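Colleague: Before we look at any details, could you show me how to read the arrangement of domains and of a sheet in a model like this one?

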Amino acid sequence: MNDIGVPITKIDGAEKISGRARYVDDIQIPGALYARTVRSTIAKGDIVAITLPELPAGCFVVDHHDIPGPNFVKIIAEDMPIFAETSVRYVGEPILLVVGPDAKTVIDVTRKIRITYDEQSPTFAWVDSGVRHSYRKGDPKTAFQQAARTIAHIYRTGYQEQAYIEPQGMLGYPEADGKVTLVGSIQCPYYVKNAVLSALGCPEDKVRVIQAEVGGAFGGKEEFPSLIACQVAVAVRKTGQPVKLIYERGEDVETTTKRHPSQIVLTAAIDADLKIVGLKATVGLDAGAHLGLSGVVLSRALIAATGAYTIPNVEVEGDAFRTNTVPTGAFRGFGAPQMFFAIEMFFQHIAKDLGIDPLAFKRRHLAKQGDLTSTGGMFRDPILIEPMIERVLEASDFRRKQREFKKSDRLRGMGISLFFHGCGFTGSGESTHIKGRVKLAKSAEGDVTILIAAVDMGQGVRTAMIKIVASVLGLPIGRIRFPAPDTDAVPDSGPTVASRTTMIVGGLCARAAKRLKDEWMEGRDQTVEERYVQPDFIEWDEEHFQGDAYPAYSWGVVAVEVEIDRSTGQVTQNGIWSGYDMGKAIDERLALGQADGGIAQGIAYGYLEKMEITGGKVRQKNLTDYLIPTTADVCETTTFFVDNPFPFGPYGAKGAGELTLIGGAPAIASAIENAIGRRVYGIPATPEMILELIEHGEN
Amino acid sequence: MAKIEFLLNHAPVVFTGDPARRLLDVIRLDFGLTGSKEGCGEGECGACSVLIDHKVVNACLYPIINAAGKEVITIEGFRTTERYAVIERSFLEEGAVQCGFCTPGMVMATESLLGACPHPTDAEVRIGLAGNLCRCTGYNMIVKAVLRAAKDGEGLW
């Protein structure tokens, strides 16, 4: 293999195309009990009484009384109950499971359960802050005092549903000696294991977690599966039988975590040379009823406050607010898409306020190698965004189209966005919380098995890891195996999140492979383990948000062309051109898949995907009314990658998975703005909003 | 209870049971054919696409009684064919597969599309697959795969 980027056949491709791959609901265990969740129907209140019907033979009700350990799902904030006890805090909060021999019997029981509540007045306004973070860079006070002028605007973003095509699902079964095994559609086998260990209050060797094939995740299977795994594990403990819990789509849309809605207030201090010398950002996120990962989502949003630009004086603060709505959580981008929408539109709007060209204005502020990041860390590696912009402008014929569209009667527009993604966990997560470990096992015959907890949820981890290990060892692809993670077999290499897998876990696999190569002994079984060690140049002060928030940054530029129907407000995508610096693409076809899929989600976030919660109830119940793009909505893409090897990544690779989503919304919002000559301050920019803007919007 | 006879992947079969049961449940649970997936249960996502008398149908909306006397082909039946081999190869070469949950349904929709229109344009492929949702790929690599299958499988459809 000369260039690792040259695509190989996806390792698990044929298995998936032919329908042989086994997703959790495809695993049929004889005698497995069917499970269904009974949920709160009110947004806030106390549970007064639960009246159960007489249970048919083989039916069980499983609730908080059955949890041996503490009643919370062990994730970052330990505030989410496994089952509600005395009170409920959102519509859809799980109260109990009914398990039984078949769906019909179980559903019949759930219909006869009566729950009476003492209803209380729910809070939907953003007043109850659950987490607050703030930081500062330089001397924002002086910058604002001395500014020639200040400009402020407010930006809002809505919910977004991950809409993985495979709904959430978990299967649990008892093994010998009181051990419980869980097989599920999950991103993070050890998150699930640790949560279940806590719920069952049992020793480490009594819980085993195995990844089934995962039918898409996008963050939606980061923390949420820990909740249903705890419920299923408790049910298995109680019944002594296998239990399967598969969500229906409507239940999945209404009750699982989503992207946090946001409100972002930005104020810029601008000097006499029309440069931004200071930025204030105030961020609000709607965490829903439980915080879960919201504090970490907030961190990533805040750290991205200055976007792809260098601003010397910065003051940033933000809150994740508790409301009586469905909890929000991890979703590809993790707080960054909200902030990049806001900062990209803000730069454009400031330029308009100042009467100058938005892209030229942005380019005057671009971050350069050696600059200080928003948190006073350093951009250590080369930043290639300037040549990437040039290439995207040229490929899209941006300037000429913009000029022509201006003269046209039709509503056509071009938009462009510039963005980065901080790769890996925010701050010191890798070194203090995760401490990832990987293992390679070589057989006497010389075959090598990769033992890691990283999950292939479609992005191609299996193929990428096998390529890395094969390439370092100089072995053919066919000699390397990568079985689905099973916590009884693999060490904790960390969760499959935060665009960390190729860069961090892949880097550890490359190191392990190098050692195995050096220590290779013919005809012998050998194992090699590696553990994450933080590069010593990285320093992070968690309390004050100071230092290097990320070890590396991936960069992107996206241009979008749209046409808008003046009478209906319908947006048609006419072209997408994008360039990415992900260090080094480990497989260019996989990378293109990430680019195409990410941009489709990011663009749809900007104009198509609308979810509303009114009175605590999710209004969109299925994929019929929560619209995700179809083949008819998307257009052709033109994509390129630039090589910019990161010295600490395997073959120079940095993060790739989330980056590609981030630029979509600001690019299409800019294009819509350009087409209608009206400013876009909020997304999704639906046809209704566009018609309203055409009528009453601000120029 | 009803007794329903139909052809399933070329073999005559008999289903005895509730005639209102969904075809998807019958093929997955009673016949163990789990290649057809349930993504939404409302005919929106197409992950359960099967062929009934050579037309693509959402098995989640199809009561088993309607299958009486008809020919049902699932991915398990289709994957033994030469056409399938061409589609599989083109899906692999164009990177049309990510998580794979929509893929068997996408393959069945492709077979149906190429059966009706052996030389589709890009726009015809997009219309032909608009009933099958994919959240991973953004579709372009799937569209290219279908166009490639049409070319590589010249004469098969």
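Modeller: Domain bounds come from an automatic or database domain assignment, and the model itself is a predicted one. On that basis chain B is divided into domain 1 (2-78) and domain 2 (82-152), and the C-alpha centres of domain 1 of chain B and domain 2 of chain B lie 21 Å apart.

Colleague: How many residues of domain 1 of chain B are in contact with domain 2 of chain B, and which elements give two or more residues to that side of domain 1?

Modeller: Two residues are in contact if their C-beta atoms, placed from the backbone, lie within 7 Å. Here 17 residues of domain 1 of chain B are in contact with 14 residues of domain 2 of chain B. On the domain 1 side, the elements giving two or more residues are strand E3 (49-52), strand E4 (55-58) and helix H2 (75-78) of chain B, and E3(B) gives the most, with three residues. The residues of this side of domain 1 divide into eight nonpolar, six polar and three charged.

Colleague: Turning to chain A, what is the strand order of the open sheet of seven strands, and which are its edge strands?

Modeller: The order is E3-E5-E1-E12-E9-E10-E11 (chain A), with mixed pairing; the edge strands are strand E3 (60-62) and strand E11 (207-211) of chain A, each of which pairs on one side only. Direction ignored, neighbouring strands of this sheet are turned by 25° against each other on average.

Colleague: Which helix of chain A lies across E1 and E5?

Modeller: Helix H2 (residues 103-112) of chain A does so, running at about 145° to E5(A).

Methods: Residues numbered from 1 in each chain as written. Chains lettered and ligands numbered in written order. Predicted model: local features only at pLDDT ≥ 70, side-chain atom pairs only at ≥ 80, totals over all residues. Pairing = 2+ DSSP bridges. Helix = DSSP H or I, 4+ residues; strand = E, 2+ residues; numbered from the N terminus. Axes fitted to C-alpha atoms, helices over the stretch in contact; angles between N-to-C directions. Nonpolar A, V, L, I, M, F, W, Y, C, P; charged D, E, K, R; others polar.
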